[in-house]
Amino acid sequence: MLKTLIAALALAATLAAGGWAANAQGETPPPAPSDTRVRFAVVKTASLQTQEWLLFSGGRFAAAETAFSAFLIQHGEDSFLFDTGLGAQVGAQYQADMPGWSQLFFRYDAPVQPVKAQLDNAGIGPIRRIIISHAHWDHLSGAPDFPDAEVWLAPSEHDLVNQPSQRVGGAWPSQVSGVTRWKDIRFDGPAHEGFEVSHDLYGDGRAVLVPMPGHTAGSVGLFLTVESGRRYFFVGDVVWNAGALKHGAAKHWLARQLVDQDVDQTQVAIERIRAAMARDPQLIVVPAHDANVHAALGLFPAWVE
Ligand SMILES: [Zn+2]
């Protein structure tokens with residue numbers, strides 16, 4: 001009995017010390033157990049058959065599928081989208097704003113199944129908040145389909161959306177003009193998982209945004225802890241394919257020049273993802289475009305919980 005008591009006290013002391021150490025570093029502690037239901041669904045809107053070597057440096061000469069997905073997050077009674085994938089107007093947007101030469105490299109295959117239509121069919125909505133990982137065409141495309149929703153972005157993404165441009169690394173006029181309610185993410189929280197600041201969306205540590213500048217100045221990642229306690233990290237386009245994380249590989253050199261606003265900063269973000277994975281081998285990293293990762297999670301209407 002005494003032995004059990006001593007063991008219990010030792011365990012409690014260890015946990016307390018661990019918690020204290022985490023706080024002393026200015027990091028947010030892991031979320032406490034909660035009754036709030038947190039889950040997400042991968043809503044794939046389109047895809048593109050491509051080659052792995054085009055996606056990251058060192059990729060194989062083998063077929064690879066790029067997905068254009070939105071992520072529907074549910075936290076208790078609230079829901080929001082992280083990215084939108086391709087929307088109902090993508091044909092017209094692409095026609096208007098994708099430069100001709102870029103159409104050789106940056107494409108999508110038909111059919112497109114916009115997230116708005118998929119949610120409507122399932123009777124889910126209304127969606128009042130969309131958080132974009134960044135303002136590139138294949139993430140913002142579906143936002144105009146939700147005219148009443150607030151679109152949240154990092155303040156450092158303002159330059160892109162305030163000066164929309166017809167280029168693959170810009171924010172497109174045809175999409176920006178369709179958003180009426182922009183809202184800034186306030187990074188008012190402490191360091192989180194190696195990122196300097198954070199924003200805890202619900203104040204319970206279950207859905208935490210972090211800045212990941214590089215691919216664009218205002219790129220944003222989302223740490224999500226679902227009901228089962230499993231942890232996910234949505235990283236937008238810091239990497240296009242989870243394979244890149246094995247070796248810390250950047251995108252193919254041409255893609256890097258075309259789409260990564262700051263190549264060095266992007267590499268810093270990649271290393272931070274790798275560090276988070278090393279600390280927690282159970283952490284599942286979800287790039288916005290990795291069709292294999294999305295398929296393994298299961299596609300909407302399936303939920304990850
Ligand atoms: Zn993208």
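Tutor: Let's start with pLDDT, the predictor's confidence in each residue on a scale from 0 to 100, and with contact, meaning two C-beta atoms, placed from the backbone, within 7 Å of each other. Over residues 1–24 pLDDT stays under 50, and the model has four contacts there beyond four places in sequence. Where pLDDT is low, the predicted coordinates should not be read in detail. The chain as a whole has a mean pLDDT of 90, with 89% of its residues at 70 or more.

Two bits of bookkeeping. Numbering runs from 1 along each chain as its sequence is written. Since this is a predicted model, local features need pLDDT of at least 70 and side-chain atom pairs count only at pLDDT 80 or more, while totals for chains, interfaces and linings use all residues.

For context, the chain has eleven helices and eleven strands, taken as DSSP runs (H or I, at least four residues, for helices; E, at least two, for strands) and numbered from the N terminus. Of its 305 residues, 43% are buried; that label takes 20 or more other C-beta atoms within 10 Å of a residue's own, exposed takes 12 or fewer, and partly exposed is in between. Among contacts with a separation of 6 or more, 68% join residues 24 or more positions apart.

Helix α10 has 17 residues, 263–279. The buried residues in α10 are Thr 266, Ala 269, Ile 270, Ile 273 and Ala 276. They share one side of α10, because they cover an arc of only 120° around the axis, judged by the directions from the helix axis to the C-beta atoms. That spacing has a simple origin: an α-helix has 3.6 residues a turn, so residues three or four places apart point the same way. On the face turned away sit the exposed residues Asp 264, Ala 275, Ala 278 and Arg 279.

What does the buried side of α10 pack against? Its partners are β10, β11 and α8 (243–247). Both strands belong to an open, mixed sheet of five, ordered β7-β8-β9-β10-β11. Its edges are β7 (199–200) and β11 (284–286), each pairing on one side only; pairing here means that DSSP finds at least two bridges between two strands.

Strand β10 (residues 231–234) pairs antiparallel with β9 (residues 220–225) over four bridges, and Thr 225 has Arg 231 of β10 as its bridge partner. Five residues separate the two strands in this hairpin, where Gly 229 takes a positive phi near 95°. With β11, β10 runs parallel, joined by three bridges; Phe 233 stands opposite Val 285 in β11.

At the β6 end, β5 (residues 150–153) pairs parallel with β6 through three bridges, and Val 151 is bridged to Trp 182 in β6.

Within β2 (residues 63–75) lies Leu 72, which counts as buried because it has 23 C-beta neighbours inside 10 Å. Beyond four places in sequence, Leu 72 touches Phe 40, Ala 41, Val 43, Ser 79, Leu 81 and Phe 300.

Helix α3 (residues 90–97) has its own buried set: Val 90, Gln 93, Tyr 94 and Asp 97. These fall within an arc of 95° seen down the axis, so they line one face of α3. The opposite face carries the exposed Ala 92 and Gln 95, while α5 (137–140) and α7 (173–176) are among the elements covering the buried residues of α3.

Conventions
The expected span of a helix is 1.5 Å times one less than its number of residues.
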